[in-house]
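Work through the exercises below with the sequence and the model side by side. Try each task before reading its solution.

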Amino acid sequence: MEYSPIYQNLHVVSSSPVKNKLFVFCIMLSLWVYMLYCCVGYCSTMPSLMVSTASSKHSQHLEKVDPNRTQTRLQNEGDLESEHQEDPLDSLDPLFGASSRDLLNNENDLDSRGGEDWDEIRSEQRTLDNNVVSSLFNDSGPVESKKLPQAIIIGVKKGGTRALLEFLRAHPDIRAVGAEPHFFDRNYDKGLEWYRDRMPETQEGQITMEKTPSYYVTKDVPARIHTMSPDTRLIVVVRDPVTRAISDYTQTRSKKPDIPSFESLAFKNRTTGLIDTSWSAVQIGMYAKHLERWLQYFPKDQLLFISGERLISDPAGEMTRVQDFLGLRRVVGHKHFHFNPAKGFPCLKRPEGNSKPHCLGKTKGRTHPNIDSEVVQRLREFYQPFNRRFYQMTGHDFGWGSWS
């Protein structure tokens, strides 16, 4: 009995270090998981930098190996200048087989994406980091994998494609990459696995999407997309071709302020009113000519044509059409939009809560320069037969311009 107090004291002393060790172990385990999360978040940004660096070096190497490439492009542009203008619907086939005269065709991919895409890329990175952490603590969650896109926004430049993509990304059943991959027009030689790797991870039942507006006007793209999947759903955002051309010029001038005037670029001969159809800003708006090429590979019911004007005036209505076309629930509606009078187009907002609406970046909604009314009227007359043909082909009258 005289040893019992000593025994009890020894028991208390021996149990206390065990608890301390367990406590320290838990702290160390938490720190280890946090450090692992930080490392994964940092390392996941490295491949894109490596790919960008490798692509840059590869491009420089090609220029050194094949100095005739630049000369060939200049010759193609010269051929376009020699084209003479005849009937607008019948005499432009040779033109569409060649390269268009684009004042920004040498700009790099960073500029072509627009500054706001970097915010989207950072947002996608944060989403990726959150998914990594979730997978560490929830092994039984839905399986995600990268898939080739089932639907693509193929055009048109300055038609409203960025706005449509952002509206679609508000839908829980859509996952879309923010930056334009330019796979089918610039990076096709890199293969489908490279393309797949650019896509976000999706769960079963979600749709993978991307948008690259130059696809619609690029000759080889319809056949290439059809080869990937003949069931691909295609979305085209179109806009009054005259307004679109002016918007295109405005974007170019914001990057190259010293370019010639809109009028001098739009006409081969201002006196005779001869339009320069080799200028890409004019050529893109000849929607009917481009659509003929797509209908050789895809039935009309696999293409949806969205009005860029109505995407501004009635975004919920156009989103209903898109969601139905993609076979999705009608989730994105009136409650998701808030019109911003300063920018002149709708912004996204969360239906619940009082969070600030998300608007497109400062590169959207630029003020257009004043164009001579006679120039605008001549362009409307030029586009008239193309527009009428486009209305017939799509079965929809977009109501562009007055032909009085």
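**Exercise 1.** Are Phe382 and Tyr383 buried or exposed? Then classify the aromatic pair that they form.

Solution. The model is predicted.
Step 1. Phe382 is buried, and Tyr383 is buried as well.
Step 2. A pair of aromatic rings is described by the distance of the centres and the angle of the planes.
Step 3. The structure holds 23 aromatic pairs. For Phe382 and Tyr383, the ring centres are 5.1 Å apart and the planes make an angle of 65°. Planes over 60 degrees apart count as edge-to-face, so the pair of Phe382 and Tyr383 is edge-to-face.

**Exercise 2.** Classify the pair of Phe390 and Trp400, and find where its two residues lie in the chain.

Solution. 
Step 1. The centres of the Phe390 and Trp400 rings are 6.2 Å apart, with 15° between the planes. Planes under 30 degrees apart count as stacked, so this pair is stacked.
Step 2. Phe390 belongs to helix 16, while Trp400 is in the segment after helix 16, 10 residues apart from Phe390.
Step 3. Phe390 and Trp400 are both buried.

**Exercise 3.** Describe how helix 13 packs with helix 16.

Solution. 
Step 1. Locate helix 13 at residues 287–294 and helix 16 at residues 373–394.
Step 2. Their axes are 8 Å apart, and the packing angle is about 35°.
Step 3. Helix 13 contributes Tyr287, Ala288, Lys289, Leu291 and Glu292 to the contact. From helix 16 come Phe386, Arg389, Phe390, Met393 and Thr394.
Step 4. Sorted by type, the residues of this contact are six nonpolar, one polar and three charged.

**Exercise 4.** Describe how helix 7 is placed relative to helix 15.

Solution. 
Step 1. Helix 7 covers residues 161–168 and helix 15 covers residues 315–325. Their axes come within 11 Å and cross at roughly 70°.
Step 2. Angles of 65 to 115 degrees count as roughly perpendicular, so helix 7 is roughly perpendicular to helix 15.
Step 3. Leu164, Phe167 and Leu168 of helix 7 meet Pro315, Met319 and Val322 of helix 15.
Step 4. The contact of helix 7 with helix 15 has six nonpolar residues, no polar ones and no charged ones.

**Exercise 5.** Decide where the model should be read with caution.

Solution. 
Step 1. The chain averages a pLDDT of 77, and 66% of the residues score at least 70.
Step 2. Residues 1–15 have pLDDT below 50, and beyond near neighbours in sequence this stretch has zero contacts in the model.
Step 3. Residues 93–98 also stay under 50, but the model has 15 contacts for them beyond four places in sequence.
Step 4. Where pLDDT is low, the predicted coordinates should not be read in detail.

Terms used: Residues numbered from 1 in each chain as written. Predicted model: local features only at pLDDT ≥ 70, side-chain atom pairs only at ≥ 80, totals over all residues. Heavy atoms only, no water. Axes fitted to C-alpha atoms, helices over the stretch in contact; angles between N-to-C directions. Helix = DSSP H or I, 4+ residues; strand = E, 2+ residues; numbered from the N terminus. Parallel < 35°, antiparallel > 145°, perpendicular 65-115°, else oblique. Contact = heavy atoms within 4.5 Å. Nonpolar A, V, L, I, M, F, W, Y, C, P; charged D, E, K, R; others polar. pLDDT = per-residue confidence, 0-100. Phe/Tyr/Trp six-rings, centres within 6.5 Å; stacked < 30°, edge-to-face > 60°. Buried < 20%, exposed > 50% of the residue type's maximum accessible area, 1.4 Å probe, protein only.
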